[in-house]
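Hello,

Here is the model I promised to pass on. Please have a look at it first; my notes on what turned up follow below.

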Amino acid sequence: MADMLELFTSIGLSEQKAKETLKNGALSATLKDAIVQAQRVLGTSAMDKTIGTLLYSMASRLKDTKRLEFLTINIAQRKITSELQLAAALEFLKSRPQDPISQSEFDEACGVGIVITPEQIEDAVESVIKKHKEQLLKERYRFNMGLLMGEARSALKWADGKVIKNEVDMQVLHLLGPKTEADLEKKPKPQKAKVAENDVKNQEKSVNGDTGFGETKSLMEQLRGEALKFHKPGENYTTEGYVVTPNTMNLLKKHLEITGGQIRTRFPPEPNGILHIGHAKAINFNFGYAKANNGICFLRYDDTNPEKEEEKYFTAIKDMVEWLGYTPYDVTHASDNFQKLYDLAVDLIRRGHAYVCHQKGEELKGHNVPPSPWRDRPVEESLVLFERMKKGLFAEGEATLRMKMVMEDGKMDPVAYRIKYTPHHRTGDEWCIYPTYDYTHCLCDSIEDITHSLCTKEFQARRSSYYWLCNALDLYCPVQWEYGRLNLTYTVVSKRKIIKLVETGVVRDWDDPRLFTLTALRRRGFPPEAINNFCARVGVTVSQTTTEPHLLEACVRDVLNDSAPRAMAVLEPLKVTITNLAENFKSDVRVPDFPANEAKGSHTVPFTRTVFIEQSDFREVMEKGYKRLTPDQPVGLRHAGYVISVQKIIKDSEGKVVELEVTCCSSETAEKPKAFIHWVSEPVVCEVRLYEKLFLHKHPEDPSEVPSGFLSDINPHSLEVIRNALVDTSVKTAKVFDKFQFERVGYFSLDPDSTVNKLIFNRTVTLKEDPGKI
């Protein structure tokens with residue numbers, strides 16, 4: 001069984017998927033035979049995941065196992081390379097159960113050897129859009145885009161559907177421009193007399209964000225009013241699980257007198273690290289819920305651990321909250337309440353709910369911790385000992401204050417205070433005992449009269465202790481509500497692991513653009529609106545959400561497409577001399593900042609006898625489907641109004657093309673070229689940093705995916721630095737974090753490392769999603 005499990009995971013199946021497969025005897029036997037045969041054809045036991053995925057798909061769908069060897073050989077020899085071809089192959093074999101198989105007929109039926117070029121896809125989509133152009137312009141984004149996809153797929157049977165979709169999206173955007181407010185309005189639906197039960201369930205799913213990335217409600221819509229079914233201020237007792245005491249109603253009455261019935265939330269980060277993408281959801285939820293319901297939200301630093309807190313974290317946290325577009329009603333600190341929290345701890349001892357304990361820290365770790373032998377010590381004794389803790393008469397770890405209660409996860413008597421002889425960032429040496437999260441959190445919420453204490457799902461186990469402590473001290477008790485964490489694949493966000501990445505030199509610092517800290521995303525060029533839109537698309541879910549980075553990148557493209565002015569940049573330059581222009585020829589070319597909406601402005605760039613184009617925009621040997629510059633094929637220069645034709649190719653001693661001599665003519669008189677390419681003249685020499693995923697696997701922290709640990713999973717190609725990229729002169733006056741779309745290349749942002757003499761641009765995202773992403 002272990003051997004089979006290892007065999008199945010070797011082709012790319014997850015351990016869980018492999019175990020599920022082993023439960024099916026027939027499937028396991030077929031898959032094993034297929035893998036062994038494929039290894040024989042390949043001459044090695046190693047195979048890439050594409051072949052492995054196809055073998056698994058074949059084994060699970062093939063009815064006639066007599067055809068197993070034939071189909072396996074075609075997969076191993078890379079004749080069948082996609083699910084589309086595999087489906088055709090299975091259909092072909094199904095229609096010929098007895099006949100000898102003709103390899104040539106099989107190849108023809110399954111598209112073996114057919115390669116669809118990007119140019120063919122571009123032409124097919126262009127033809128389909130031209131056919132429906134009138135209706136598209138009329139209906140705009142309400143047009144059924146699936147129709148365009150279907151017709152393009154019919155024209156190119158073996159093309160990758162994702163690539164076709166990307167091309168459709170790009171050409172539609174080019175035709176219609178960005179979506180307007182009118183495009184985003186939903187079509188009015190006829191009123192129904194009665195809402196069916198299933199419709200109500202569907203509405204609830206939408207509020208909880210379970211509708212995926214289709215029709216997305218704005219974050220404010222999701223958080224407004226009754227949408228979340230939260231209690232109204234002052235009606236805490238209506239919440240399931242809320243503990244009502246004889247004094248609850250009096251406390252709620254006083255609470256309403258203070259708040260006036262206003263919603264109050266708080267965002268309570270620990271100032272011992274930089275905020276990451278998961279915190280963006282917490283910020284949007286806490287500040288957004290208050291904003292959507294005319295309430296207020298506090299930024300409260302949970303600064304109860306002086307060993308790990310630094311000024312830079314306090315500053316960075318506030319900067320990121322404001323960068324995302326939120327202004328705290330007030331900035332508070334748990335340390336503001338140290339004296340009051342201490343007085344409440346004394347009261348808790350007097351009420352018989354807390355005691356001083358001398359068990360060591362290691363004795364309190366794990367489950368089934370033995371009860372403290374000091375649990376029943378007299379109240380007066382604990383009061384004296386707690387005072388001695390405060391005066392510094394015990395060593396660290398020699399005594400703690402513990403609360404007499406059992407948490408939902410079974411943990412008994414959590415610690416309320418511990419001794420730390422470390423100066424505090426704000427209070428200095430005034431205190432040597434510091435409260436814990438379990439003690440501080442709910443009491444600060446109560447002190448600030450918070451109405452809705454919103455926290456992530458892992459704190460659900462602490463809800464009962466939250467209510468217990470407020471009620472044990474006879475204080476106003478807010479309501480704790482939990483929501484699901486937001487996680488991303490291909491990254492790590494734990495402070496300890498990011499520090500490890502910095503210390504080992506894998507990344508430069510917390511704001512390295514390959515990380516998913518908020519400072520890193522800002523440095524990479526992600527607009528705050530895009531991050532907020534992403535949080536809205538993920539939705540206010542109760543369950544934990546794990547999302548692919550390309551979904552966040554899609555939100556970034558949506559914002560930058562409408563906000564990043566265009567510029568021209570050449571990353572791998574090839575010099576082009578236009579021989580029929582004078583040596584001193586120079587003119588200004590007007591370039592629209594937003595070609596789809598030229599009313600939004602433009603800039604001018606110089607055009608001279610010498611220009612530079614991308615090396616990839618020239619091929620010495622013409623290939624089928626290639627539309628750009630060749631010795632026999634002219635090309636247009638974007639915005640310049642010229643078409644150029646090659647006259648001479650100049651090479652270096654190694655045979656590499658280093659310069660082209662061309663002639664130009666006006667695009668008004670020349671035959672329309674097949675393509676227009678970007679170019680630069682008298683450019684600014686810049687450094688460009690191209691980023692890819694930092695990790696090779698989706699879950700770098702998962703031992704089943706990465707047995708050697710996350711540091712062994714670093715993508716060696718996660719950063720490529722181009723020292724001498726050429727960018728048009730419109731970027732000369734750019735400021736740090738200014739964003740541009742480099743035409744035909746991607747979206748870029750000016751990095752803080754830039755100087756007057758050297759501009760440095762970070763690639764934020766590519767123009768289109770990589771079709772290889774899943």
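**Aromatic pairs and the rest**

Tyr434 counts as buried, at 0% relative accessibility (buried means under 20% relative accessible area, exposed over 50%, partly exposed in between, with a 1.4 Å probe and protein chains only). Before going on, a word on the source: this is a predicted model, in which local features need pLDDT of at least 70 and side-chain atom pairs count only at pLDDT 80 or more, while totals for chains, interfaces and linings use all residues. Residues are numbered from 1 along each chain as its sequence is written, and side-chain values use heavy atoms, with hydrogens and water left out.

Back to Tyr434: its ring and that of Phe338 have their centres 5.8 Å apart and their planes at 65°, so the pair is edge-to-face. Rings of Phe, Tyr and Trp (its six-membered ring) pair if their centres lie within 6.5 Å; planes under 30 degrees apart count as stacked, over 60 as edge-to-face and the rest as tilted. Phe338 lies in helix H18 (residues 338–350) and Tyr434 in strand S7 (residues 433–435), so the pair ties together parts that are 96 residues apart in sequence. Helices (H or I, at least four residues) and strands (E, at least two) are DSSP runs, numbered from the N terminus. Phe338 is buried too, with a relative accessible area of 3%. Both rings belong to one aromatic cluster, formed by Phe338, Tyr342, Phe386, Tyr417, Trp431, Tyr434 and Tyr439. Across the whole structure, a search finds 26 aromatic pairs.

The largest nonpolar core has 95 residues, and Ile277, Phe386, Tyr417 and Tyr439 have the most contacts inside it. Such a core is a set of buried Ala, Val, Leu, Ile, Met, Phe, Trp, Tyr and Cys residues joined through side-chain atoms within 4.5 Å. Helix H16 (residues 277–292) gives the largest share of this core, 9 residues. Leaving aside neighbours within four places in sequence, Ile277 is in contact (heavy atoms within 4.5 Å) with residues including Leu486, Phe516, Ile531 and Leu552. There is also a second, separate core of 37 residues, with Ala38, Met47, Leu90 and Cys110 among them.

Now for the sheet. Seen in order, S12-S24-S25-S26-S22-S23-S13 make an open sheet of 7 strands with mixed pairing (two strands pair if DSSP finds at least two bridges between them). Strand S12 (566–567) and strand S13 (569–570) are the edge strands, each pairing on one side only. Strands S24 (residues 739–742) and S25 (residues 746–750) run antiparallel and are joined by 4 bridges; Lys739 has Ser749 in S25 as its bridge partner.

Which kind of pair do the rings of Phe742 and Phe748 make? Their centres are 4.5 Å apart and their planes at 20°, so the pair is stacked. Phe742 is buried at 0%, and Phe748 is buried at 0% as well.

The loop between S24 and S25 holds Arg744, whose phi is near 70°, a positive value in a residue other than glycine. Arg744 is partly exposed, at 36% relative accessibility. Asp474 also has a positive phi, near 60°, and lies in the loop between helix H21 (463–472) and strand S9 (479–483).
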